[in-house]
Amino acid sequence: MKKRILSGVQPSGQLHIGNYFGMIERMIQFQNESELFCFVANYHSMTSINDKVKLEANTREAFIDLLALGIDPDQSTFWVQSHVPEVTELAWILSNFASVGLMQRSTSYKDKIANGLKPNMGLFSYPILMASDILLFQSEIVPVGKDQKQHLEMTRDIAIKFNNSFGEIFTIPEIEIDKSNDIVIGIDNQKMSKSYKNTIPIFADNDTIKDQVMNIVTDSAGLNEPKDKHTPLFKIYSLFLNDESKKELADRYDTPGLKYMEIKNELIETIISFFELQRSKREQLLANPDEVNQKMILGQNKAKKIAQKTLQEVKSATGLL
Ligand code: ADP
Ligand code: TRP
C-alpha cells in the first residue's frame with residue numbers, strides 16, 4: 001500500500017530555490033511512490049496577510065507555481081485550503097483536546113511575535129489548524145523542515161488524546177524530518193528566506209535572477225589562490241549539479257586562476273535553463289485561467305470527499321448531532 005503523505009505551503013510570497021530544493025522537489029518525487037496530498041495553506045497565511053488583493057493574488061500564484069513545478073492534480077490531491085472549509089470545523093473540535101500549556105510552549109509563536117507579528121488568537125492557535133490539516137486527511141507521513149517539528153509533536157499529542165477518548169478515529173502521523181536536504185543558503189550566506197530578502201526566486205524575470213546571482217557575496221581571494229568552497233556561490237551552484245559536475249566545480253575551485261565572475265555567469269545560465277520548462281508551463285497556465293480553475297475544482301472535490309468522511313466519523317464519535 002502506498003503511504004499517504006501530506007504537506008502544505010503558505011502562499012506568503014514568491015517561491016525561491018530554497019523552497020524548491022528544501023521541499024518542493026521532494027514532494028514531486030513523492031507523487032510516484034506515495035499518495036500525495038498537497039495544499040495551498042491560505043487560512044494559515046491570514047496570520048500574516050491582512051490584505052484581500054494580496055491574499056487572493058498570492059494564493060492563485062502559489063497554486064499556479066506549484067502546478068508549473070510539477071504537482072500533478074490528476075495523480076495527487078492538490079487543493080486550496082479554504083476550498084475545503086471542513087478543516088476549520090475539525091480545528092474547533094480539536095481545540096478541546098489541545099491544552100493551553102501546550103500552545104504556550106510553541107517556539108514558532110514566540111519567534112513570530114518577536115519578529116513583529118500581532119499576537120492574536122489565529123497565530124496562537126495556528127498549530128491546531130495545522131493538526132486539523134493533517135488529521136482530517138488521515139495522513140501517515142508529514143515531511144517537514146526542522147522548524148515545523150514541534151507543530152507535528154503537538155498534532156500527535158492532540159490525536160492521541162482524542163483517540164484515547166473516542167477510539168481509533170485518527171491515524172497518528174509519523175514525523176519525517178528530512179536530513180538529506182541541508183538548509184539552502186541565500187546570497188548573503190544566511191539561510192535563504194523571503195524574510196531576509198536574500199533569495200533567488202524561481203520565477204523571477206531573467207534580469208532579477210542575474211542581479212541576485214551577481215549579488216552573491218564572494219571573498220577577496222586573489223586570482224592565483226585556490227578558492228574556498230564553503231561559500232554561497234559554490235553551495236548554490238552545487239544544488240544544480242550532479243556528483244560528477246560538482247567534483248569538476250570543486251577541482252576548478254582548487255585550481256589557481258578561477259574568476260568568480262565566470263562562475264556567476266555560468267550559474268545564471270544554469271538557473272535559467274534548469275527552470276525553463278517549468279517557466280513555459282507557468283506562462284501557459286497564466287494565459288489559461290479557466291484551466292487553472294478546473295484544476296482547483298478537481299482538487300477541491302477530491303479533498304472534500306475524504307475530509308467529509310473523517311469529519312462525519314468525528315462528529316458521530318463525539319456526539320455532535
Ligand atoms: P521562507 O523562509 O522563505 O518564508 P517558508 O517558511 O514559507 O519559507 O518555507 C516553506 C517551505 O520551504 C518549508 O517547508 C521550509 O522548510 C522550506 N524552506 C524554506 N526556506 C528554505 C531553505 N533556505 N532551505 C531549505 N528549505 C527551505
Ligand atoms: N505550517 C507550515 C509552514 O509554515 C505550512 C503548513 C500548514 C503545513 N499546514 C500544514 C505543513 C500541514 C505540513 C502539514 O511551512
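I looked up Gln10 beside ligand 2, where an N or O atom of the Gln10 side chain is 3.0 Å from an oxygen atom of ligand 2, a pair that I read as a polar contact, that is, N or O atoms within 3.5 Å, where inside the protein one atom must be able to donate a hydrogen and the other to accept it, and residues adjacent in sequence count only if both atoms are side-chain atoms. I note that the model is predicted, with pLDDT of at least 70 needed for local features and 80 or more for side-chain atom pairs, while totals for chains, interfaces and linings use all residues. Residues are numbered from 1 along each chain as its sequence is written, chains are lettered from A and ligands numbered from 1 in the order in which they are written, and side-chain values use heavy atoms, without hydrogens and water.

On the nitrogen side of ligand 2, I found an N or O atom in the side chain of Tyr126 at 2.8 Å from a nitrogen atom of the ligand, and for Asp133 a side-chain N or O atom is likewise 2.8 Å from a nitrogen atom of ligand 2. The protein covers 88% of the 370 Å² of accessible area that ligand 2 has on its own (Shrake-Rupley method, 1.4 Å probe; for residues, only the protein chains shown count as cover).

I then listed the shell of ligand 2, taking residues with a heavy atom within 4 Å, and it includes Leu6, Phe39, His44, Met130 and Val142. Strand S1 (4–9) and helix H7 (121–136) are the elements that give two or more residues to this shell (DSSP runs numbered from the N terminus, helices being H or I of at least four residues and strands E of at least two). H7 gives the largest share, four residues.

For ligand 1, I recorded that His16, Val184, Met192, Ser193 and Lys194 come nearest among the 13 residues around it. A polar side-chain atom of Lys194 lies 2.4 Å from an oxygen atom of ligand 1, one of Ser193 lies 2.9 Å from an oxygen atom of the ligand, and a backbone N or O atom of Gly18 lies 3.3 Å from a nitrogen atom of ligand 1. Of the 540 Å² of accessible area that ligand 1 has on its own, the protein covers 82%.

Last, I checked Gln81, found in the loop between strand S3 (77–80) and helix H4 (86–95). Gln81 is buried, at 1% relative accessible area (buried means under 20%, with a 1.4 Å probe and protein chains only), and a polar atom of its side chain lies 3.2 Å from the backbone nitrogen of Asn42.

Conventions
Buried < 20%, exposed > 50% of the residue type's maximum accessible area, 1.4 Å probe, protein only.
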